[in-house]
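This briefing goes through a multi-chain model by topic: confidence, chain contacts, fold and cores.

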Amino acid sequence: MLMTNTEEIPGKKTTAFHGVVSGSTVRAKHVGRDLMASFKNIFGGELKGYTELLQESRDQAIERMLSQAEQMGANAVVNIRFSTSSVAAGAAELYVYGTAVTVE
Amino acid sequence: MEQLIIFIVLIMMGYFFGRMAESRHYRSIKEREQFWMTRPAGSYKRVSDPKRTILKSELVSGNVVISVDYFKRIVAGLRNIFGGEVRVYETLVDRARREALLRLNESCEDADEIINLRIETSSIYKGRRKQVGSVEVLAFGTAVYFEQK
Amino acid sequence: MDYKPVLPNINDNISTDSPIKEALVLLSGVVVFFLIAYGVLGLCVDWAVTRISPEMEAAIFSGFQVPSKFITEENQPGQAMLQQLTDDLRECCDVDYPVKVLIAPSETANAVALPGGTIVVFSGLFDMLRSQNGLAFVMAHELGHYKQRDHLRGMGRGIVLTALSALLTGSGSNITQLAAPGVHLTQARYSRQREAMADDQALETLVCHYGHAGGATEFFKAMGAEHDSGRLNAYFASHPEGEARIAALEKKIQDRHFDIRDVAPLPVEVISK
């Protein structure tokens with residue numbers, strides 16, 4: 001399944017489009033990561049725990065979006081956009097959406 | 001002791017009424033999606049058929065605010081200790097997003113196509129730092145009206 | 001470009017697991033964690049308590065006020081007598097530090113050993129007793145708790161529980177507010193084992209002071225025969241299984257071959273008019 005955040009897959013022709021597809025997950029951190037983050041607040045630096053957490057969530061959201069696109073019979077998703085927001089205390093929602101198309 | 005009983009009653013109320021509202025909402029969403037399925041809506045920046053003449057275009061949007069119930073809040077709080085997927089919140093944002101899209105569709109019934117669709121999510125806090133009251137989803141795009149031949 | 005709309009059959013963005021199952025799993029995880037932490041910290045409290053000497057305790061609790069629910073006024077009738085009796089008993093059971101006795105006028109028949117060396121006796125107790133020996137047994141029982149540091153143990157566990165829940169869920173949260181009253185409960189109710197040990201200690205003290213074991217079971221027997229439900233509720237909240245304790249005391253009297261002789265009458269100051 002091809003993915004891109006441009007209008008067209010470079011080098012391919014779009015023959016049909018099937019509508020908007022999206023994937024979302026809501027993930028929470030646990031107290032361990034929270035404690036490390038509090039320490040980092042004093043010393044500065046990358047919050048590796050959080051980076052990993054959000055990366056995993058993003059991967060899962062993309063997977064869900066692609067599975068939806070497959071069900072629609074598409075073979076590519078274009079114009080992908082990401083959005084992150086916090087919907088619960090300490091939890092982040094990862095949201096990715098795009099347009100499912102058939103290319104050749 | 002009374003506090004524990006109030007707590008349990010609130011959770012049960014949150015669970016039952018929340019489930020009822022959710023299933024009712026999902027049924028309505030599925031019906032309306034079937035209806036609006038035929039009109040193209042996508043995040044493309046240009047129309048699907050460039051040969052047709054465009055009469056007018058306008059910015060359209062649809063938004064919805066859906067609140068969490070007590071049961072969801074408590075489970076999310078517990079999840080915060082152990083980490084992982086907060087499954088109870090997934091239905092919340094899913095409903096909100098689909099509802100926002102449907103409202104966008106309903107706001108421009110005569111349009112032929114919706115392009116450059118974008119979706120924004122934000123949370124509305126209830127006051128105390130840790131409590132989240134509700135989720136707002138805004139969907140907006142450009143509605144295009146073709147000349148009818 | 002054609003538009004070919006298809007609605008997906010399966011919605012991947014939500015899970016089909018029951019949310020109740022998820023909630024129960026999480027809840028049981030929290031409960032297990034609490035139990036383990038409580039057990040471990042309880043052991044730590046036991047270890048620490050044996051190392052708090054009476055001098056340290058007096059210093060820590062020097063500012064401790066008797067809770068207002070135990071309304072006491074100084075110079076109640078019989079307080080001087082009771083203080084004297086307690087001081088005499090102290091010598092027999094090796095409690096070196098000063099213990100202050102206060103009387104609270106009340107319907108309930110009970111006595112409570114508070115941290116810092118204060119024993120509060122509820123005046124309903126005097127109505128239950130027939131002899132000075134019986135009264136001495138009750139005071140000796142409370143002194144036994146002091147000797148074993150039970151009052152610190154109970155309070156320590158309550159504090160551990162409240163601190164744990166405040167750490168995990170925040171000090172203002174619902175869960176912590178539920179746990180805080182637990183401090184009072186654990187204060188009031190020592191384990192059966194500790195009560196039995198305090199009983200044994202009291203028996204020894206009684207025999208040491210009076211020379212015989214008369215009057216030891218007087219209080220428990222009187223409570224057993226009591227029909228007034230108001231007093232019973234307050235009593236049984238903190239002193240379960242009177243029958244078992246009477247039996248244990250009588251057995252010990254037999255095993256140790258203590259005498260039982262006539263008992264001295266109750267001092268006039270505490271007999272209610």
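**Confidence and contacts in a predicted complex**

The model is predicted: local features need pLDDT of at least 70, side-chain atom pairs count only at pLDDT 80 or more, and totals for chains, interfaces and linings use all residues. Residues are numbered from 1 along each chain as its sequence is written, while chains are lettered from A and ligands numbered from 1 in the order in which they are written.

**Confidence**

- The predictor assigns the complex an ipTM of 0.73 and a pTM of 0.65.
- Chain A has a mean pLDDT of 85, with 99% of its residues at 70 or more.
- For chain C the mean pLDDT is 73, and 68% of its residues reach 70 or more.
- Within chain C, confidence is highest in helix H5 (residues 132–148), at a mean of 84, and lowest in helix H8 (residues 181–188), at 47.
- Over residues 181–188 of chain C, pLDDT stays under 50, and the model has 13 contacts for them beyond four places in sequence; two residues are in contact if their C-beta atoms, placed from the backbone, lie within 7 Å.
- Where pLDDT is low, the predicted coordinates should not be read in detail.

**Chain A with chain B**

- Contacts link 29 residues of chain A with 32 residues of chain B.
- On the chain A side, two or more residues each come from strand S2 (14–30), helix H1 (31–43), strand S3 (76–88) and strand S4 (91–103).
- S2(A) gives the largest share of that side, 11 residues.
- By class, the chain A side has 11 nonpolar, 12 polar and six charged residues (Ala, Val, Leu, Ile, Met, Phe, Trp, Tyr, Cys and Pro count as nonpolar, Asp, Glu, Lys and Arg as charged, and the others, Gly among them, as polar).
- S2(A) and strand S2 (residues 83–85) of chain B run antiparallel and are joined by two bridges; strands pair if DSSP finds at least two bridges between them.
- Ala28(A) has Gly84(B) as its bridge partner in S2(B).

**Chain C with chain B**

- This contact takes 20 residues from chain C and 19 residues from chain B.
- Helix H1 (19–49) and helix H7 (174–179) of chain C each supply at least two residues of the chain C side.
- H1(C) gives the largest share of that side, seven residues.

**Chain B**

- Chain B has three helices and four strands, in the order α-β-α-β-α-β-β along the sequence.
- Of its 149 residues, 36% count as buried (20 or more other C-beta atoms within 10 Å of the residue's own; exposed means 12 or fewer, partly exposed in between; C-beta atoms are placed from the backbone).

**Nonpolar cores**

- The largest nonpolar core has 53 residues, of which Met65(A), Val77(A), Ala91(A) and Tyr89(B) touch the most other members; such a core is a set of buried Ala, Val, Leu, Ile, Met, Phe, Trp, Tyr and Cys residues joined through C-beta atoms within 7 Å.
- H3(B) gives the most to this core, nine residues.
- Another core, of 39 residues, lies apart from it and includes Ala109(C), Phe122(C), Leu135(C) and Ala136(C).

Methods
pLDDT = per-residue confidence, 0-100.
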